[in-house]
Amino acid sequence: QVQLVESGGGLVQAGDSLRLPCTASGRTFNTYTMAWFRQAPGKGREFVAAINWNGVRTAYADSVKGRFTISRDNAKNTVYLQMNSLKPEDTGVYFCAADREGYVRSDVAVTPTPYDYWGQGTQVTVSS
């Protein structure tokens with residue numbers, strides 16, 4: 001069983017930056033595709049960004065392209081989401097997810113279904 005633990009959330013002002021780390025337990029982190037999703041109050045879970053096992057392939061939601069960057073450090077079992085130029089509409093609970101079959105897929109998954117493991121989430125609130 002893989003456990004994912006997110007941190008780094010908080011209350012910030014529009015235009016500020018935050019970096020969210022997600023640390024995974026287990027020895028096979030470096031074979032997983034990792035992703036970030038978010039959920040705003042009263043809305044469904046929304047894809048934010050994903051990165052494949054070696055960091056060569058990434059994907060971003062249109063709403064965050066150019067502002068957010070996903071990266072990973074396999075030696076530390078950690079994936080990061082660097083969020084710059086934050087907007088009030090970025091507010092929500094941010095979840096880290098792992099796709100254990102990601103290394104056999106042709107591209108990173110951008111929907112929740114293929115992801116097997118999820119963290120508990122970290123709250124990000126952006127005030128205007």
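A: The answer below starts with one loop and then moves to other parts of the chain.

This is a predicted model, in which local features need pLDDT of at least 70 and side-chain atom pairs count only at pLDDT 80 or more, while totals for chains, interfaces and linings use all residues. Residues are numbered from 1 along each chain as its sequence is written, and side-chain values use heavy atoms, with hydrogens and water left out.

Take the loop between β9 (92-99) and β10 (117-118), where Y103 sits. Strands (E, at least two residues) and helices (H or I, at least four) are DSSP runs, numbered from the N terminus. Y103 is partly exposed, at 49% relative accessible area. The terms are set by cut-offs: buried is under 20% relative accessible area, exposed is over 50%, and partly exposed is in between (1.4 Å probe, protein chains only). Areas come from the Shrake-Rupley method with a 1.4 Å probe, and for residues only the protein chains shown count as cover.

Together with W53 and V104 it makes a nonpolar surface patch of about 330 Å². Patch residues have over 30% relative accessible area and no salt bridge; nonpolar side chains (Val, Leu, Ile, Met, Phe, Trp, Tyr) are joined within 5 Å, like charges within 9 Å.

Next, the charges. Side chains of opposite charge can pair when their charged atoms come close. A salt bridge here is a side-chain nitrogen of Lys or Arg within 4 Å of a carboxyl oxygen of Asp or Glu. The structure holds seven of them. One joins D99 to R105, at 2.6 Å from N to O. D99 is buried, with a relative accessible area of 0%. R105 is partly exposed, at 31%. Another salt bridge joins D116 to R100, at 3.7 Å from N to O. This pair links distant parts of the chain: D116 and R100 each lie in the loop between β9 and β10, 16 residues apart. D116 is partly exposed, at 34% relative accessible area. R100 is partly exposed too, at 40%. Salt bridges that share partners also join R38, E46, R67 and D90 into one network.

S106 is another residue of the loop between β9 and β10. S106 is exposed, with a relative accessible area of 70%. Its C-alpha lies 9.9 Å from that of N52, 54 residues away in sequence. N52 is found in the loop between β5 (45-51) and β6. N52 is buried, at 3% relative accessible area. The side chain of N52 reaches two backbone nitrogens: that of G55 at 3.1 Å, and that of R57 at 2.8 Å. Such polar contacts are pairs of N or O atoms within 3.5 Å; within protein, one must be able to donate a hydrogen and the other to accept it, and residues adjacent in sequence count only if both atoms are side-chain atoms. Beyond four places in sequence, N52 is in contact (heavy atoms within 4.5 Å) with Y32, T33, R57, R72 and V108.

The structure holds one disulfide, defined as a pair of cysteine sulfur atoms within 2.5 Å. The partners are C22 and C96, their sulfur atoms 2.1 Å apart. C22 is in strand β3 (residues 18-24) and C96 in strand β9, so the bond ties together parts that are 74 residues apart in sequence. The torsion about the S-S bond is about -80°, so this disulfide is left-handed. C22 is buried at 0% relative accessibility, and C96 is buried at 0%.

Finally, return to R67, a member of the charge network. R67 lies in the loop between β6 (58-60) and β7 (68-73). R67 is buried, with a relative accessible area of 10%. A polar atom of the R67 side chain lies 2.9 Å from the backbone oxygen of S63. Not counting residues up to four places away in sequence, R67 touches Q82, M83, N84, S85, L86, K87 and D90. G66, also in the loop between β6 and β7, is exposed at 83% relative accessibility. K65 forms a salt bridge with D62, the closest N and O atoms being 3.2 Å apart. D62 is exposed, at 65% relative accessible area.
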